[in-house]
Amino acid sequence: MGVLTRNLDLFVAHFGETLRLFAFSAVISLLAGVFLAMLRVSPVPVFRGVGTLYVTVVRNTPLTLVFVFFVFAYPYLEIIKFEFFTAAVVALSIYTSAFVCEVVRSGINTVPVGQAEASRALGLTFTQMIGSIVLPQAMRSVVPPMVSTFIALLKNTTVAAGFSVREAGAIRDALSEAGESTLVGMLWVAGIFVLLVLPLTFLQRVLEKRWSVAR
């Protein structure tokens, strides 16, 4: 307990950065993932191809390599200069959005084809059909895998510690410099991550009960 109490400010600051990194990345990856899912189910072959290519490439690329590109290689392009935190958000969002896309797409595939056919018969556009008819129904079935994806995102934020972002993954080095027990410190880090995951798990159960559909 002494390691935590003596370094409480350190834990609060680094986990605060972790939550900030998670919040920005979660919102961006959710929006981007839904957009990519719309591309994947689009009736336009070019859009489907773009969505498929993105997901295939990103899902099969290690997250560390995505970080390496945006932290070290991207600045040489001299397009937009990123700070380390912003680069970490971009890397996490790009990586996670591919997984969100597949989760949403799997939910879209559970919606009966007749729903889409009926909406087209009513004269709705593809965007109106997806936004008003398909997605509201699809989201009911994607709650468990979507929460699992965001739990993975929360844990993936620790990768940013290797790229000069002072979040929870960097606590070990700070404790080591202060002469504290890094083993005890890492046990506290693991325990706090468990506490952070619990609200997401609780939200998952609440939404599952609220949106449960008789089959």
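Biologist: How many helices and strands are there in the protein?

Modeller: There are 10 helices and 0 strands, where helices (H or I, at least four residues) and strands (E, at least two) are DSSP runs numbered from the N terminus. This is a predicted model, in which local features need pLDDT of at least 70 and side-chain atom pairs count only at pLDDT 80 or more, while totals for chains, interfaces and linings use all residues. Residues are numbered from 1 along each chain as its sequence is written, and side-chain values use heavy atoms, with hydrogens and water left out.

Biologist: What makes the pair of Y95 and F99 tilted instead?

Modeller: Their ring centres are 5.1 Å apart and their planes stand at 55°, so the pair is tilted. Both residues lie in helix α5 (residues 84–110), 4 residues apart, about one turn of the helix.

Biologist: How do you know whether Y95 is buried or exposed?

Modeller: Buried means under 20% relative accessible area, exposed over 50%, and partly exposed in between (1.4 Å probe, protein chains only). Y95 has 15% relative accessibility and therefore counts as buried, whereas F99, at 26%, counts as partly exposed. For the other pair, F70 is buried at 12%, and F69 is partly exposed at 38%.

Biologist: What makes R20 count as lying over the face of F85?

Modeller: A charge sits over a ring if NZ of Lys or CZ of Arg is within 6 Å of the ring centre and within 35 degrees of the ring normal. R20 lies over the face of F85 at 3.9 Å from the ring centre.

Biologist: Why is helix α7 called roughly perpendicular to helix α8?

Modeller: The axes of α7 (residues 126–141) and α8 (residues 143–156) come within 5 Å and cross at roughly 75°. Axes are lines fitted to C-alpha atoms, for helices over the stretch in contact, with angles from 0 to 180 degrees between N-to-C directions. Angles under 35 degrees count as roughly parallel, over 145 as roughly antiparallel, 65 to 115 as roughly perpendicular and the rest as oblique, so α7 is roughly perpendicular to α8.

Technical notes: Phe/Tyr/Trp six-rings, centres within 6.5 Å; stacked < 30°, edge-to-face > 60°.
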